[in-house]
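Subject: Structure for you to look at

Hi,

Have a look at it first, then read on.

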Amino acid sequence: MYNINDAVVYGSNGVCVITAIEERDFSGENVEYYILQPVNNSKNTFYVPTSNYALKNKMRSIYSRKEIDSLISSMGDECSIWIDDNFQRKEEYRKIIDKGDRRELVRLIKTLWQKNIELGQKHKKLHSTDERFLKDAENILYSEFAYSLDIPVEEVVDYIRKHV
C-alpha cells in the first residue's frame with residue numbers, strides 16, 4: 001500500500017506524487033482512489049482505484065540513487081533488441097513501454113540510439129513510430145532518474161554518460 005506524498009512511476013506517465021487517498025463517486029458508488037499528480041505536468045490528475053489490481057500494478061516505487069547507479073553500470077552489458085519486422089517490433093516495443101521494466105527500457109533506448117546512429121551514417125532517420133517509442137522510454141526512465149537524483153531532466157543523459 002502506498003501513502004500520501006509517496007512518489008511512484010505510473011505506467012508511461014512518468015513520476016507522480018500521491019496527493020491523496022480518498023473515496024470518490026464516479027460511477028454511482030464510492031470507491032477509494034489513489035490520486036496521482038504528475039510531477040512534470042500539473043494539468044493532469046490520475047485516479048487509481050485502490051482495489052483495482054491491474055491499474056494499481058501500473059504504479060511502481062521510485063528507484064533509489066543506488067538502484068539507478070546499479071542499472072546505469074549494467075547498461076554496457078545490454079544487447080540490442082532490434083526486430084526487423086515493423087509489426088513485430090511495434091508490438092514488442094509497445095509491451096516494453098506498457099510494462100515499464102527499467103532494464104527493458106534501457107535496452108530499448110540503447111537499441112534505438114544505436115539504430116539511429118547506424119541509419120544516420122546512411123543519411124536516413126528512424127521511423128516515426130520508433131522515434132515515438134524512444135521518446136516514451138526516455139520520458140519514463142529519465143523523469144524517474146531526475147526525480148530520484150534530484151537533478152533536472154536535461155542533465156540525466158550527462159549523468160548516465162559520466163557513470164557508464
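Phe26, Tyr33 and Tyr47 come together as one aromatic cluster. Before I go further, bear in mind that this is a predicted model.

Tyr10 belongs to strand S1 (residues 7-10) and Phe46 to strand S4 (residues 46-49), so the pair ties together parts that are 36 residues apart in sequence. Both Tyr10 and Phe46 are buried.

Tyr47, at 33%, is partly exposed.

Now the overall picture. The protein has six helices and five strands, and from the N terminus the order is β-β-β-β-α-β-α-α-α-α-α. Along the principal axes, the C-alpha atoms fill a box of roughly 60 × 35 × 25 Å. There are 164 residues in the protein, and 41% of them count as buried. If you take the contacts between residues at least 6 apart in sequence, 49% join residues that are at least 24 apart.

Start with H2 (residues 65-73) and H6 (residues 156-163). Their axes are 9 Å apart and they pack at an angle of about 65°, which makes H2 roughly perpendicular to H6. The crossing of these two is right-handed. On the H2 side the contact is made by Arg65, Asp69, Ile72 and Ser73, and on the H6 side by Tyr159, Ile160 and His163. Sorted by class, the contact of H2 with H6 has three nonpolar, two polar and two charged residues.

H2 also packs against H5. The axes of H2 and H5 come within 9 Å and cross at roughly 135°, which makes H2 oblique to H5. The crossing of H2 and H5 is left-handed. From H2, the residues Arg65, Ile68, Leu71 and Ile72 meet Glu144, Phe145, Ser148 and Leu149 of H5. The contact of H2 with H5 divides into five nonpolar, one polar and two charged residues. If you are clicking through H2, note that Arg65 and Ile72 turn up in the contact with H6 and in the contact with H5.

H3 passes H4 in a left-handed crossing. Who meets whom? Tyr93, Ile96 and Ile97 of H3 are in contact with Glu104, Leu105, Leu108, Thr111 and Leu112 of H4. By class, the contact of H3 with H4 has six nonpolar, one polar and one charged residues.

Ser143 is in helix H5 (residues 128-149). Is Ser143 buried or exposed? With a relative accessible area of 5%, Ser143 is buried. Leaving aside residues up to four places away in sequence, Ser143 touches Gly14, Val15, Asn40, Glu138 and Val153.

Glu92 is in helix H3. At 35% relative accessibility, Glu92 counts as partly exposed. Glu92 and Lys56 are 36 residues apart along the chain, and their C-alpha atoms are separated by 22 Å.

That is what I have for now.

Cheers

Key. Residues are numbered from 1 along each chain as its sequence is written. This is a predicted model: local features need pLDDT of at least 70, side-chain atom pairs count only at pLDDT 80 or more; totals for chains, interfaces and linings use all residues. Side-chain values use heavy atoms; hydrogens and water are left out. Axes are lines fitted to C-alpha atoms, for helices over the stretch in contact, and angles run from 0 to 180 degrees between N-to-C directions. Helices (H or I, at least four residues) and strands (E, at least two) are DSSP runs, numbered from the N terminus. Angles under 35 degrees count as roughly parallel, over 145 as roughly antiparallel, 65 to 115 as roughly perpendicular and the rest as oblique. A crossing is left-handed if the near helix is turned anticlockwise from the far one by less than a right angle, and right-handed if clockwise. Contact means heavy atoms within 4.5 Å. Ala, Val, Leu, Ile, Met, Phe, Trp, Tyr, Cys and Pro count as nonpolar, Asp, Glu, Lys and Arg as charged, and the others, Gly among them, as polar. Buried means under 20% relative accessible area, exposed over 50%, partly exposed in between (1.4 Å probe, protein chains only). Rings of Phe, Tyr and Trp (its six-membered ring) pair if their centres lie within 6.5 Å; planes under 30 degrees apart count as stacked, over 60 as edge-to-face and the rest as tilted.
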